[in-house]
Every structure is written in C-alpha cells, then in structure tokens.
Amino acid sequence: MTDAAAATHISNRLAFGPHPRAVETPPPGPAALVDELLSRAPLAFDPPGDIDHGFEHAPESVTDDSRLVRWWLQRMADPDAGIGDRMMWFWHTHFTTSTDKASTQLAWRQLRTIHRHALGSFAELLRVLITDGAMLQYLDGDGSDAAHPNENFSREVLELFTVGRGGYGEADVRAGARILAGWYIDWERSEVAQNLDQELTFGVPYLGRLARTVDDLVAAILGHPAAARFVADKIHCELVGVDPTDQRSQELATEFVAAGWSIAALVEQIVRHPSFLEHPRSRPKSAVEWVVSAAISLGLDLDDLDPWSLSELGQLPYHPPNVAGWPDRARWLSASQYLGRAGMVGNWELDIAEKTGSTADPVAVWLQRCGISDAGPATLEALRLIAEQTDDDWTRGVIGLRITVLTPEFSLS
Amino acid sequence: MTLDGVGPPRSGPSRRELLRWLAYGGAGVAAGFPLLACGSGASSPAADGARRHTIGPVADRVLVVIELDGGNDGLSTLVPFDVGRYRDLRPTLAIGSNDVIDLGGAYGLHRKLSGVHRRGVAVIEGLGARQPDLSHFEMSARWWSGRPDGGRTDTGFLGRVCDAVHGDELLSGVSLGGGPSPVMVSRKAPTAGLSDLGLGSLLDPNSDLELVARRSLDRLIRPGPAGNPLTLAVAAGLGGMVELAHLVNTLPEPSPGYPETEFATQLALVSRLIRSGAGIRIFHVPMAGAGFDTHEGHGDTHPRLLEMFDAALQSFLDEMESIGRGGDVLVATTSEFGRRVSENSGGLDHGTASCALLMGPVVPGRHGEPPSLRDLDDGNLIATAEFDRYQATLASWLGADPAEVFERDPGVFDDIIVD
C-alpha cells in the first residue's frame, strides 16, 4: 500500500476520513499518522447549553435532540478528531440509547459519561452506564420495582453489551432484573436515585456467583469468561474491518483483562498489530461515516445539514432502529441506500465546486479531495466523462464532486 | 440544507413525499439489482404491467406484511374476555365484554378493530415457537428468517418468497420502513427500499445536471473485473439506484382519504406502487409510529395502536376493493412475540405466543387453536402452532412452493385464505 492509500485507510478507521490536503503536499507516513491519531483524546466536551440544569424546564438547547446530533456530527468532522472521538461513536453504537424514548437532556449527560470514559476503563464505563438516566429510561429500568421487576434492561445488558447470547440463562436475566429493580429517575430532585427499600438484603445467584448490588452484578459480568472477548472482538471488527482469528481474540481478551479493562490499551494492541493495515476497503462506510467523510471532502459545513435527513439513510445518532444498534455491512451498499445518498448529496450546495471545475485537471482535484489515490478504471472513466462533457466550471465541479463520493473507492472504509 | 440556487425546479413536494419510508432496502448486496447492460434504459413499468397477465391470476397476487414491532399482545387483540383465568392474571389490564366484538367461544376481537372486522378479518391463534426465546432480537431474527427453531439463514423469509415467485420485474419485494429489514434479503430476486430525500440533482430528470450525471453513473455501474467483491457490490447498488429512480419518477399520485398518520402514508404508498403496475409482489411494512413493546402503560398505548392500525387499513382495503384488487391483495400481520400473561406494574413483559390478523380474501373469524391460559410455561403461553406454518400459508397463496422457501415442511393452514 502506498503512503497515500495508507493515510486514507488509517484516517477512515481511527477518525472519520482524511481531510483534504493540497495535491503537492506529500501524505504523512503511516507510522506517524497512526501515532498522531492514537494520541488524540476526545475533543473538549462543550454542549450548547446547561446539561446540569434541573430535569424540569431545561433549556431547549439541551432538550432538542436535533441540536445534539448536529453538535456531534460537527465534532466528527473536526480536523482534530482522532481515536477518542472515534471511540465515542463506537460506544454509542454499542451502548445504544434512543431519544425517541429517553430524554435528550439525559442523553447529553450520558454522552458526557461516554466522552469521559471513551478510552478509559471498560469496567468503569459499564458500571456508570448501568445506572445512567437515559439508559434506565430507554430500557425500562426506570420504575422497575422489586415486586414486578422489568426484565428488559437486565436481558440487554447481558445479550448486547457484555457476554452475548449463550453466556447466560433466563434465571440470570430474572436475577439481574431483581438486582436492578428500584433505580429510578427522580424528576423533582433531578437525579438518578435508588429506592433503598428495594435493594436486596441477600445475594441471589447470578452468572454463577451471588450478587446483591449493582457493583456485584458488574463484578459478576466482568468475571464471566465471555465478556472480554465479546467486547474485544467487536472493537477489533470496528477498527480492523474483519473478525479476529480465534487465537488473536483470546490474546486480546487476556491482555484486555490484564490491563485492567483499559480501552486505550486494547485499541493500541489492535492498531499496532500488522493486521491493522492489511484490510483496507474491507467494509462499507455506514451512513454516518459516509456523511461525515463526504462533508469533510466536499467542504460542507455539517451545521447546515438537516439532521433528520440522516434517518432517511437509516442512521441518525441517538435514534437506533432498536437496542441492538445499527446493522452493519451489506445494507449500506443497497440500491435504496444509494438512492438516499444521491438524493442527499445531489442537493448539497458546494462552495468549492466552481473552483475545482476550473482547474486544469479537475479529476485529480476531486480524487485528491476525497482521499482516493488509487482510483480504478471505471471511476476514472466516469469522472473524466464529467470533465469532458460539461460546459461550465460550476456544473463540472458539482457533478464531479457529487459523483466522486458515490464511487466504490469512497463508499468503502 | 439549501438546494442549489441554479437550474430548473426540483421534484415537487408530492414526489419528495412519496419517497418517504424506504431508508435502506432489506436486500443485501447480493440481493441486488441486475447490472444494467446498456446504461440507463430501464424498462418501462407499464410494459412490465402488461406482462403480468400472461402468467395467470396467481401472478397477480400481492402480499402486504405488516410488522407490529415490539411484540403485540395477542390477549389484547383477540381477547379471552369470558375466560375467568384471564381476569385473574390481568387484574388491571383485562379487557371487558364492552370493549370487544364477540367472535364466539368466550373470545372477542378488540373493539378498536371494528373497521377491519366489518371488512372481514381472519385471526390465527396460538402462533409462536416450540422453544421460544424472550429476546426481541432473537425472536425477530427467527421470524425474519422463517426459522422458529432459531437456526440461522443468510436470507429472509420474504426474500426467499420473492426468489420463488419473481419474474423479470424491476422489483419483487419492497420494504417500506426506516428500520432494518433482513426479512427481505433474497438470493436473486430484486428487493429494496426508498427514502424521503428526493431524487436530487443527479437523478431528477428535471435537473440540468442529470444527463451528464447519468452518463457518468453508467460508467460506474459497469466496473469490469475488480479484485474487491465489495467494489462490485457498490456497482450493483448504484445500478439498482438508477432503476429505482426511474420507478419513482413514474409513480401515480396518492389517493385521497387516508388518515394523516405515518402508517396510513405507508399504506397509501403501497397502493401507489401496486397501481404503478411495476409488478411488485411483496410489501413489508414495519408499522411506523407504533411500538408494541408495552412494558409500561399497556392499557393506554395498545388500544391507541389498534385504532391507528384499523383506521389506515380501512382506507387501504376500501381502495383495493374500489380498484378491483380486493380479491388478490392479502394483508397479514406479524410480530416477534406476544406478551407475558401476568401483568407487571401497569405493563406486560415479553411473552411468547400471539395471534396474527389476515385481511383481504380471507374467511373471517377465528382459526387455529387458542393457547391455554391454564397450562403455562413459566408464566408464558404455549404456542399451538409454529409460526412457519403461518408463513408457509402466505407463501403458498402467493404461488411459492413452500419446499423452496423452508428447509422443513411446516404444513399450511387450510381454509383461511380464499384461493
């Protein structure tokens, strides 16, 4: 792989795509770029309003969920975004929560929690999210009482967040529901609270241990042999693009636990391994990845994007289709996905269009902006046709840029 | 987002509105559209329509599957209102005789379904799995794959029905929903979905940019030999996109009279696609704006959802009747599971067996065996039939050989659909 191709690959996986550089600027070397992007903690957390305001009568700046989405997409497109922001997004796709159900103000607080722990300890992240207000609302933990515990949250914690199917039984789900009963959103005091009357006075069997409190529950989950592999495999798949081999999976899980569940250490292990550079363009960009990378390449300010248009592509942050999150892979390349993407990019106003259309070699400029250094013959032919068959610079530029982000080279990560 | 300030008017509101719903197709990459051999010359939907009649009446049949996402409570849909045990187990959520339409044998249809009842509705009772699971994702996956036992398939049940019945139409199956629809993943039949973003300047024939964009896309969708299979998948996706845009550009206008709900708009779009003559055989409609996962507030939420369902179906069924398609458009509901027999604090947790509703050319009334309220499995209903029997009944009516769609022979329910 050339340095230019590697730079695009690394930026796609450790950030949200390469930022355009001038044609004459050489690409950074892969090792230096990996170092750079891995060193970047999440950008500063600067919500547009007071997210610690009392639950009632909170300002619209923190109750309007489209503000949250807009704020987040802009961060993703920031030239200083790196692995920290990438992992923030990953944790949202993992610990999904929807503001269709949970309050947006609580979602902001959850996002702050994810921001704080994005590269920290998975054990701590899990512990705080289990009693997170938005999560309690989303999965019906809020208001679940000991007499009739609600099983939804207890089940998803095991099935989707930690050990995966097959690692637990229905009795564990019921016991977990009982342990988690009594947590609720106290709207008057504006806090997440536990009704101590409902706390168990004795341990109940849970994943082969006795557990009484939320801390016991988290300890039991982390003690489960499947938990570290479940999480490590998922992060490997996200960053490398393919599942780890069985042996590699076991190694990563062992090191993950040994490093005290350090997410930063796990990411480092995955990214420093030779396999990280071996699978470029091995998965489709999801809708969010595509929109953000296209905006970066085409110079579009994401503040101008109607966030709801992302739901038409099937991926609006904080609005997953269900608690399992967004389905991966093939559907991001379907005909209807492209119909949506073409419709979206076909209406973007592109300030840079005329300028790119006026250059001596517009095809090279479009490809450079989009980080494509190894265009295939079909893409080259498609773009050259635009350069040749258009009469004015603006028309040439808008069609060229829009088509470039629909090409296979740009569609894949 | 602003539109480009240059060029002729873009697609009008009606076209944009019509593109709603199909966010991303159930069809996976491989389920894709045939690559266009000679550019953008998509065949005219009208011509496809004429072809339909040469195959015979079964080929005119259309199946509309409405998915009630979240787990619809069968006992609040077909209510055992005169069964004492029901009252014991649902002290606050039991539905009384005033709120049901008596269908005999101590069971009645919820009163909020009176519109579909008047037009004829068949209820199939006791559908589920022999060894059920209480997870949404697991049971949804089983319904979508057509495997009550949880065995995995890489295609969806409706996608396989499309494979079994498709001819050379542009689209065999369409999923009309923003959510994922693995149920529509096929091997070879073209299936897809539309979105609400409009066609935009690259695909709208009213745009100045469209001609050059289309020529350029013609190059992209013929990638030649490629080392990376995903490159071919992108080309297939783009090729299908061009064809879908053509279909959308030629759809008939919506009919008046539908309620102003998202779900009714979905059904109105189904009607437009049927009327387009494109030959689509299967529609998958995840009921929009409706969550049936009533862990809380079941008593308020569930009747409201049934009311929304009933109002939209009345418009749709009446329209099908009025255009002469009443006899060959079958509407069928699915839901991943029913709900727990006993109530929690005001709601109902995940359960097992539930009932399904069939409308259109059906024998109205109760069908199948009701599950016992006395003999429960850990507080849950025991299914009296596995759901693939129901799915096979739908597939068979549509002209598919169940042996092509299911790995085992699940049998079919007789005398429910008018054949």
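Guide: A nonpolar core is a set of buried Ala, Val, Leu, Ile, Met, Phe, Trp, Tyr and Cys residues joined through C-beta atoms within 7 Å, where buried means that 20 or more other C-beta atoms, placed from the backbone, lie within 10 Å of the residue's own. This is a predicted model, in which local features need pLDDT of at least 70 and side-chain atom pairs count only at pLDDT 80 or more, while totals for chains, interfaces and linings use all residues. Residues are numbered from 1 along each chain as its sequence is written, and chains are lettered from A and ligands numbered from 1 in the order in which they are written.

Visitor: Which residues touch the most other members of the largest nonpolar core?

Guide: They are B:Val64, B:Val161, B:Leu238 and B:Leu358, in a core of 248 residues, to which helix α9 (residues 229-249) of chain B gives the largest share, twelve residues.

Visitor: What is B:Val64 in contact with, beyond its neighbours within four places in sequence?

Guide: Two residues are in contact if their C-beta atoms lie within 7 Å, and B:Val64 is in contact with B:Val270, B:Phe283, B:Val285, B:Val329, B:Leu330 and B:Val331. B:Val331, in strand β9 of chain B, also stands opposite B:Val64.

Visitor: What makes β9(B) mostly covered?

Guide: Six of its six residues are buried. B:Val329, B:Val331 and B:Thr333 point one way, and B:Leu330, B:Ala332 and B:Thr334 the other way, yet all are buried. In a regular strand the side chains alternate between the two faces of the sheet.

Visitor: Why is β10(B) said to pair with β9(B)?

Guide: The two are joined by two bridges in the antiparallel sense, which meets the requirement of at least two bridges. B:Ala332 stands opposite B:Leu358 in β10(B), and B:Leu358 is one of the core residues that touch the most other members.

Visitor: Which sense of pairing does β10(B) have with strand β5 of chain B, and over how many bridges?

Guide: β5 (residues 121-128) pairs with β10(B) in the antiparallel sense over five bridges, and B:Leu127 has B:Ser354 as its bridge partner in β10(B). Strand β10 (residues 354-359) is mostly covered, with six of its six residues buried.

Key: A residue is buried if 20 or more other C-beta atoms lie within 10 Å of its own, exposed if 12 or fewer, and partly exposed in between; C-beta atoms are placed from the backbone. Helices (H or I, at least four residues) and strands (E, at least two) are DSSP runs, numbered from the N terminus.
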